[in-house]
Amino acid sequence: MSRIFTVSVASVYPHYVAKVEKKGRTQAELDQVIEWLTGFDASELADHLAAGTTFEDFFATARLNPNATLITGVICGHRVEEIEDPLMQKIRYLDKLVDELARGTAMDKVLRG
């Protein structure tokens, strides 16, 4: 089991926000990406952040977007589509989407529209 599974989403979320804002994107856009992937609306996301939900519990209750399998490419030196652990793959899906958002990719492409 990877250590990231027990890390709270709330402890990583500010880093996601800083990364996208540094590149001219907004927290609202980040939240939209998270909602697309997990199905959590703003209220549910805020509840998870306030509760200190771990990545394991966060993705256990997520309603993963059926198009999440369209997320491909390399993150942290690994192809996301080849990651065998389902939880690690979901975490890397999120990382990949945050990276694409920060790189300035159009929102409809980030959301696999």
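Reader: Before we start, what makes a helix crossing left-handed or right-handed?
Author: A crossing is right-handed if the near helix is turned clockwise from the far one by less than a right angle, and left-handed if anticlockwise. Keep in mind that this model is predicted.

Reader: OK. Which way does α2 pass α5?
Author: The crossing of α2 and α5 is right-handed. Their axes come within 10 Å and cross at roughly 145°.

Reader: Which residues meet there?
Author: From α2, Glu-29, Leu-30, Val-33, Ile-34, Trp-36 and Leu-37. From α5, Lys-90, Tyr-93, Leu-94, Leu-97, Val-98 and Leu-101. They divide into 10 nonpolar, no polar and two charged.

Reader: New topic. How many salt bridges are there?
Author: The count is six. One of them pairs Asp-99 with Lys-19, with the closest N and O atoms 2.3 Å apart.

Reader: What does that pair tie together?
Author: Asp-99 lies in helix α5 and Lys-19 in helix α1, so the bridge links parts 80 residues apart in sequence.

Reader: Is Asp-99 buried or exposed?
Author: Buried, because its relative accessible area is 18% and the cut-off is under 20%. Lys-19 is partly exposed, at 38%.

Reader: And Arg-92, where is that found?
Author: In helix α5, residues 86-102. Arg-92 forms a salt bridge with Asp-95, the closest N and O atoms being 2.8 Å apart.

Reader: How far apart are those two along the helix?
Author: Three residues, so about one helical turn separates Asp-95 and Arg-92. Asp-95 is buried, at 13%.

Reader: What else is Arg-92 in contact with, beyond its sequence neighbours within four places?
Author: Ile-75, Cys-76, Val-80 and Ile-83.

Definitions and conventions
Residues are numbered from 1 along each chain as its sequence is written. This is a predicted model: local features need pLDDT of at least 70, side-chain atom pairs count only at pLDDT 80 or more; totals for chains, interfaces and linings use all residues. Side-chain values use heavy atoms; hydrogens and water are left out. Helices (H or I, at least four residues) and strands (E, at least two) are DSSP runs, numbered from the N terminus. Contact means heavy atoms within 4.5 Å. Axes are lines fitted to C-alpha atoms, for helices over the stretch in contact, and angles run from 0 to 180 degrees between N-to-C directions. Ala, Val, Leu, Ile, Met, Phe, Trp, Tyr, Cys and Pro count as nonpolar, Asp, Glu, Lys and Arg as charged, and the others, Gly among them, as polar. A salt bridge is a side-chain nitrogen of Lys or Arg within 4 Å of a carboxyl oxygen of Asp or Glu. Buried means under 20% relative accessible area, exposed over 50%, partly exposed in between (1.4 Å probe, protein chains only).
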